[in-house]
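Take a look at the model first, then read on.

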Amino acid sequence: MNAKTLIETAKALVADGKGLLAMDESHPACHKRFAKLGIPQTEEARRAYREMIVTAPGLGESSSGAILYDETIRQQKKNGTPFVKVLAAAGVTPGIKVDAGAEVLARQAALCQKAELVPVWHRYNADGYGEHESGAPFEGTVVARGWPLLTGERAHYELAAGRLDSAKKRLGAMESFDSEGGLIPEQVWGSPGIPERDLYFGRPSGSAMPLVWAHAEYLKLRRSLRDGRFFDLPSQTVQRYLTGKTVSPCLVWRLNHKIHSLFFGKMLRIETLVPVAIHWSADDWNTIHEVTTRDAGLGPIFNDHKIWSLGAFVNKTLPKPSTAQYMQIIANADSHAGNGNPASAAAAT
């Protein structure tokens, strides 16, 4: 932990009007409490009891930090969310009391390995792609794990922000996740180890390995650190989007992406999987206009269908501001593409 993070953490812990929550109760102390109330003295009972504490409404309003027991810091909510993440989300800094002293976990560190902060990120909230908590293989929606390649991505962010030391630490984190043969996995195991399944905290999970995407990110990062700047910046892309500030002139409407409004001056493109005729009106269907789609020339994709697209016509026709109503009708078909319901799009100012 660098000095800046340590100072920020210390300030957060001594914030006015808040205190530290001591929930580092040992097994004997916890069981003594349970015995008085007739609660089974089991690991699951301890976990459920602690979940009740960390999910208490308004916990972050009165607590700046929580001192956890060795078992507690590795436990999770019933839905698989680690207690340390629940506390951090509430604004409470989690820490652990061990024989060697106190070790505070930084809020953004998702994994803690060998007493060092090793950050790894998930793809998105509620991601269900990963093994079961038991370590059983993926089969549908279970519990997602951290992706080492995202640590490399965050390292590039740090480099772009001028924080070279932080970027180098994330490079080291990526290297710590690899296998004995130097292969970077798709995901790393973020739960207590299960030796019988060869799963260990902070080590490769049962996911794909090597993940070529992760190795590519690692190589790009090493090149970027050597150059002292972001390597993966093609000059054409920089010119178009960073220098020229180019934006798309149109917005796209699809059956699985039904936009409801667009700014005046923007073009509307309607894309369907088959040729269609489109009826539209700007006066509550008193006057109806019809346009047809044309082949975009993208070739056979989406289950051998072609994408058919309609060039924008809304803002070339309608006064400012106005509202157009649309209904798509599939040619040579028995049903409307929009399930019979007109889709509305407003030309906004």
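## A strand pair

In β11, I278 has V291 as its bridge partner. The two strands here, β10 (residues 276–281) and β11 (residues 289–292), run antiparallel and are joined by four bridges; strands pair if DSSP finds at least two bridges between them. Most of β10 is tucked away, with five of its six residues buried (under 20% relative accessible area, 1.4 Å probe, protein chains only).

Strands are DSSP runs of E with at least two residues, helices are runs of H or I with at least four, and both are numbered from the N terminus.

## About the model

This is a predicted model, where local features need pLDDT of at least 70 and side-chain atom pairs count only at pLDDT 80 or more, while totals for chains, interfaces and linings use all residues. Residues are numbered from 1 along each chain as its sequence is written, and side-chain values use heavy atoms, leaving out hydrogens and water.

Next up are α2 (residues 27–37) and α3 (residues 43–54), whose axes come within 11 Å and cross at roughly 85 degrees. So α2 is roughly perpendicular to α3 (the label for 65 to 115 degrees). Axes are lines fitted to C-alpha atoms over the stretch in contact, with angles from 0 to 180 degrees between N-to-C directions.

On the α2 side, the contact (heavy atoms within 4.5 Å) involves H27, C30, H31, R33 and F34, and α3 brings A45, R46 and Y49.

Methods: Buried means under 20% relative accessible area, exposed over 50%, partly exposed in between (1.4 Å probe, protein chains only). Angles under 35 degrees count as roughly parallel, over 145 as roughly antiparallel, 65 to 115 as roughly perpendicular and the rest as oblique.
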